[in-house]
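Here's a quick report on one protein, going from the overall fold to a single site. Have the model open while you read.

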Amino acid sequence: MTTFERMMHSRDERGAGYLILIDPDKIEEAKLPLFVRNATEAGVDGFLVGGSLMMSDEFDKHLDVIKRSTTVPVIIFPGSLFQVSSLADAILFLVLISGRNPEHLIGNQVLAAPIVRKMGLEAISTGYMLIGTGKTTSAEFISNTKPIPSHKPDIAVAHALAAETIGMKCLYLDAGSGADGAVPEAMIKSIADRCSLPMFVGGGIRTPEDAAERIRAGASFLVTGTAIEERDDPRSIRRFAEAVHSVRVKTT
Ligand code: 1GP
């Protein structure tokens, strides 16, 4: 079974998936094994690893520690070409479809694809959309792209349909790490009504209620980073996991 199939299987079993984003710059390596073990025990369905701006030069080392501390998928969420490694289970092969920066639409993919292929790393083709919900995020600044305004669901739907028509495997709607607000439920619902691709949603999600509302609107995978970094408490991870997993189980 591929990692993507595994993720979809766990989404189907649990109604939705809960993922934690680990930004190697934001957690000390010594704390990583316990953090990852606790999160796994608390019911997380996978880890994304990456960041828009990485000051650490120990990406591989972090991946190795994370992999050795968990049984759930460890997937690279690359912020740049430097974040590619054969130690992960897969990589979200991102195309920044909300922007019009050719480097993020095809340039970086051309440079990365031969390396990813040589490594034998599973690449999950992902239509990545930045959604603007307030102040400028690192993802927006570093990618030099304009996000889709959060009050324009029709624009987001058109991008999602383009990704599906092109043949991408999934979508990632991101308000950006540490964003003021999360992707609005109305936008997620508009996309879910018209597009069948599984949707990762992240950025600015602060509470288990925020998370559950986005699953209810149609997200398949919910991603948090900042909320977990700030609290540093396994009980908080469990609350997020339970909120994400309870939505569809209750309604079906
Ligand atoms: C960003 O979706 C992730 O790509 C996580 O965002 O840090 O705001 O939870 P937060």
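Among contacts in the protein between residues at least 6 apart in sequence, what percentage join residues at least 24 apart? It's 71%, with contact meaning heavy atoms within 4.5 Å.

Bear in mind that this is a predicted model, where local features need pLDDT of at least 70, side-chain atom pairs count only at pLDDT 80 or more, and totals for chains, interfaces and linings use all residues. Residues are numbered from 1 along each chain as its sequence is written, and side-chain values use heavy atoms, with hydrogens and water left out.

Some whole-protein numbers:

| Property | Value |
|---|---|
| C-alpha span along principal axes | about 45 × 45 × 40 Å |
| Distance between mean positions of positive and negative charges | 3 Å |

Of the 252 residues, 54% count as buried, i.e. under 20% relative accessible area with a 1.4 Å probe, protein chains only.

Now zoom in on Thr 145, which sits in the loop between helix H5 (138–143) and strand E6 (148–149); helices (H or I, at least four residues) and strands (E, at least two) are DSSP runs, numbered from the N terminus. Thr 145 counts as buried because its relative accessibility is 8%. Leaving aside neighbours within four places in sequence, Thr 145 touches Leu 96, Gly 99, Arg 100, Asn 101, Leu 130 and Glu 140.

Conventions. Buried < 20%, exposed > 50% of the residue type's maximum accessible area, 1.4 Å probe, protein only. Lys, Arg positive; Asp, Glu negative; His and termini not counted. Charge placed at Lys NZ, Arg CZ, Asp CG, Glu CD.
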